[in-house]
Structure formats: structure tokens, C-alpha cells
Amino acid sequence: MPSWIRAVILPLSGLLLSLPAAADVKARSCSEVRQAYGAKGFSLADIPYQEIAGEHLRICPQEYTCCTTEMEDKLSQQSKLEFENLVEETSHFVRTTFVSRHKKFDEFFRELLENAEKSLNDMFVRTYGMLYMQNSEVFQDLFTELKRYYTGGNVNLEEMLNDFWARLLERMFQLINPQYQFSEDYLECVSKYTDQLKPFGDVPRKLKIQVTRAFIAARTFVQGLTVGREVANRVSKVSPTPGCIRALMKMLYCPYCRGLPSVRPCNNYCLNVMKGCLANQADLDTEWNLFIDAMLLVAERLEGPFNIESVMDPIDVKISEAIMNMQENSMQVSAKVFQGCGQPKPAPALRSARSAPENFNTRFRPYNPEERPTTAAGTSLDRLRTVWRTMQHSVTDIKEKLKLSKKVWSALPYAICKDESVTAGTSNEEECWNGHSKARYLPEIMNDGLTNQINNPEVEVDITRPDTFIRQQIMALRVMTNKLKNAYNGNDVNFQDTSDESSGSGSGSGCMDDVCPTEFEFVTTEAPAVDPDRREEESSGAQLSYSLVSWPLVGVVLALQRRYR
């Protein structure tokens, strides 16, 4: 080649070689990265003005980079914090659902109990005065035990209700037989005849079914809300593994190191990272969905066809029939007790000569629903109605929120990755970060759950080591679901029932009001000879005893009775 040609070409080639270098210097500026890095609150002292060699990087591609070792460490921690916040924010709905609804339902039910007790007390003081006040602890103890059961106390509902009727029988038996004196042993014998003689008719059996089912459903439901709240709170506080943290850093902040801080991750890339990081949480979904289904079943029981207006008239009829039954059979009941427990000792002359209280003098007439009180007791019943309606609306609201919380844990990756602040979205699949450069993400999306992450291309997941903490939450949900299913059937798994009237285990009866036969057919026997005054005392005593029986259960049932189809 002639020398003059060489002299021309060489300078030109040098100029041409220098032009890309100048362009590279401009393209490798880290000014955008510095701005974005500073906006995160980090010091700009760590970041270079131009790209540097990337051999020191441990996570991001080891090419020319805007990241120092210190920057990579800080951004790695930042990605961990942002991921934890994203999970907590995304699961905020389900957590607040259980927290707020638990609080609301619990407040309503407690208020319901308080108003039922107040309504009963107002009515009894107004109707029976001192006679009720002298025996009020029997009814107060009933409500105390009901409240204790609802709040999780170790109370067997059936035993408690049976004890209530037995205590009431002891009190009433003394009132209708004032000419005798009864020792504690004798009264204990009397109480043993409660089930056999059925002095209160069929009302105790029916109300035991209704009240027991109502309280089992209410207590189990509020326990379910508590478990749901605790599981949601625990699971939403994630602790990402080292492999997850590396994947998060690569997805969220390696674009910074490549000088592309404004480029967001591809949607499918984000899904694979999140499915790998939340693999154990997704395994919670199956048991969680079963738990939600069981909660919805019990909510149907609480909501149901029952409302305060529709139950008042049927209960009035039952009570009237029960009172008349007691009135008609009071002498036979006493005779049966005397036959089984022995003839009691006569009372001292002063007591036996004294007539029964004035309350006993008037023969009881059937209760007239039109004569419901409109003063203090009526106001309490109105308040009871209002509280119950409000609680029904609350249960309906809870049902709707529960339905929305199904599949929440397997849906977390999708909820996070559709956030515009996290990914480039599904409409921008070409101009997004794929983990290496700004281009389309090609790997397929993994299925949900731990075992499906064996070939996850983004997160290193050990599928042989399930998260122990998540497994504990799965077990808690499984136990609660079993309780809810039992509550739906009217059974309390905490106590086993051995009575004949139950078709299943637990504190509730397995039969319906119109299906279960009466276990004891009362057969009248000839009563011992008594004088007319004595007969009137027994009849009047019977009316008061059953009046006192009926009204406390009106208070309970008006508020808490459940009718199951």
C-alpha cells in the first residue's frame, strides 16, 4: 500500500474508532441512577458518575455497572424490605376483615346477652317482685354460665342447662309444698327426677336444643374469626430466604446497576419470583379455603331464617302450653317424688298453718301475647330486637367479606405483580426488565405451591423442606375447620354427649323440634288424699313455678334461639 494512502487511512481509522468510545462514555453515565438512588434516601457518596467494571457484583450481571459492592448490599436489603411491605399491604384486606369483624360480632353478641338478662330481670321484678328477687340468683347464674361459655370457659352447656332446671325444680318444689320441710339430701333426690318426670313439660328439651345450638354456633364462629385473624397476621409477616432475597434484588434493583433505573420488571418474571418466594404461603390456600367454607356454613346458621319477631309468637304458644301442663300435673309430680324420695317431714306448725304467698292465690291463665309490657321491660325487648337485627346485618357483611378472602394466599403473587409501581404490566412485554436486559421474558410461569417450584428459573427453592411455621398455621386452620363443621351440626367438640336424644357427638342435640319424640310419656297415678286447700296450693304453686321457668327462657330464646332446617 502506498505510503500516502496509509497516511490518509490511519488517521481516519483512529477517528472512527474514537467515535464509539465517545458515545459509550455518554451512554455509561450513571446520572439517572444517581438520581433514583438518592430518591431512595441513600447517600450519593457510594455511587460512581460513570459505569465501572462489574467483577465485584455478587447478584447482578458482572458487566459494566453503576453499582459498587456497598450499593448492591444496600439495594439488596431495600428489596427485602419492599417485598415484606408489599406482602403486608396486599394482605391488608383479609387481615382487617377478620380484625374488624371479630370486634363487631363480639360486641354485638355480648350486648345481646346483656340486654337479654336485663329484659328478664326487668320483667321478673315487675311481675313477681320479692318472690323473684329471693330466687334471682338461679337466673343470674344461668346468664353468668352462658357468658362464660361464650368467652371460651370450660362449660358443658347441656350439663349447665340441666343443672339450671334441677335447681329451679328444687326451689319450685318447696314453694308448692309449703307444709313440708325438705333437707338438702331430699332436694337433691327431687332434682334427680327432673328428666324422668318432666315437670316442666317438653320445653326444657326443646330449648336445650335451640339455646345449645345458638351458643355453640356463636362461640365457634367468633373463635373462627379469632383464628382467621391470627393466621392472617402471622402469614403476612414473611421472612424471605437468602435465595428469595437474591431473586428480589435481581428483579427490583439490578436494572439500577445496569443503568436502567426506570425500566420495570416483566410481569411474568415478577410472577415467577413471587411464586418462588411465596411458595409455602400458597400451600396454605387449600386449608384456608376449607376454613372459609366452614365459616360461611356457620354464618348461615347464625343468619338463618330466625329473627326476633318470627320466634316470639311460637315461643309464647310453647310457654303457655308448658305452663298449663305443669298446672295440670303438679299433684302427680309431687306424688311421684314422694313415692321415689319418701314422705317428707311436716313443717313446723307455724309454717304449715301459713298459706302460700299471695302470688299463688290466683289461678294462672295462659299468657296473652297482646299483653306484652310496654314500660321498662318492653323497652329492653325493643333494644334486644335492635341489637339482634344489627348483628344479623353484621353476619351478612362478614359472609360477603369472607367470600372475597378465598384463595387469597395463592393470589398474592398476582396481586403484587399487577401493581404498576412494581412491574411494567402485561401490556409492555418487550420494554421490560427480564433479569438480564430490557427485553421479553421467555421462561414459562410456574404453578402455585412448594413442589411446583422445583424448576423455578428465578428462585432457588428447597422443596424438601416445607416451612414449619406455615405448617403450624395449616394445622390451626384444620382444627378450627373441624370445630366449625361440628358447630354447623349443633355439636360442640369440646364435650361429648351421651344422651339418647342426640344423633351425634357433642353438646348439641342432633334432632329437630318436630322430629325428636318425647322420651318420657307422663302417666298419671292416683295422688295421695289431700284437702281442697292443699290442692289449691299445689295448683297455684305449679303456675308460679312454671311462670318463673318460662320467662327466663323467653329472655334467652328471644335473643339466642336458633331454628335449624
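## Helix packing and aromatic pairs

Helices α7 (residues 157-176) and α8 (residues 184-191) pack at about 120°, with axes 9 Å apart. The two are therefore oblique to each other (under 35 degrees is roughly parallel, over 145 roughly antiparallel, 65 to 115 roughly perpendicular, the rest oblique). On the α7 side, A166, L169, E170, F173 and Q174 make the contact; on the α8 side, Y186, L187, E188, V190 and S191 do. Contact means heavy atoms within 4.5 Å.

This is a predicted model: local features need pLDDT of at least 70, side-chain atom pairs count only at pLDDT 80 or more, and totals for chains, interfaces and linings use all residues. Residues are numbered from 1 along each chain as its sequence is written, and side-chain values use heavy atoms, without hydrogens and water.

Next, the aromatic rings. Rings of Phe, Tyr and Trp (its six-membered ring) pair if their centres lie within 6.5 Å; planes under 30 degrees apart are stacked, over 60 edge-to-face, the rest tilted. The count comes to 16 aromatic pairs. Two edge-to-face pairs follow.

| Pair | Centre to centre | Between the planes |
|---|---|---|
| F109 and F215 | 5.7 Å | 85° |
| W288 and W409 | 5.6 Å | 85° |

F109 sits in α4 (residues 92-128) and F215 in α10 (residues 203-235), 106 residues apart. F109 is buried at 3% relative accessible area, and F215 is buried at 0%. Buried means under 20%, exposed over 50%, partly exposed in between (1.4 Å probe, protein chains only). W288 and W409 are both buried too. Ring pairs also link F105, F109, Y150, F215 and F221 into a cluster.

Methods. Axes fitted to C-alpha atoms, helices over the stretch in contact; angles between N-to-C directions. Helix = DSSP H or I, 4+ residues; strand = E, 2+ residues; numbered from the N terminus.
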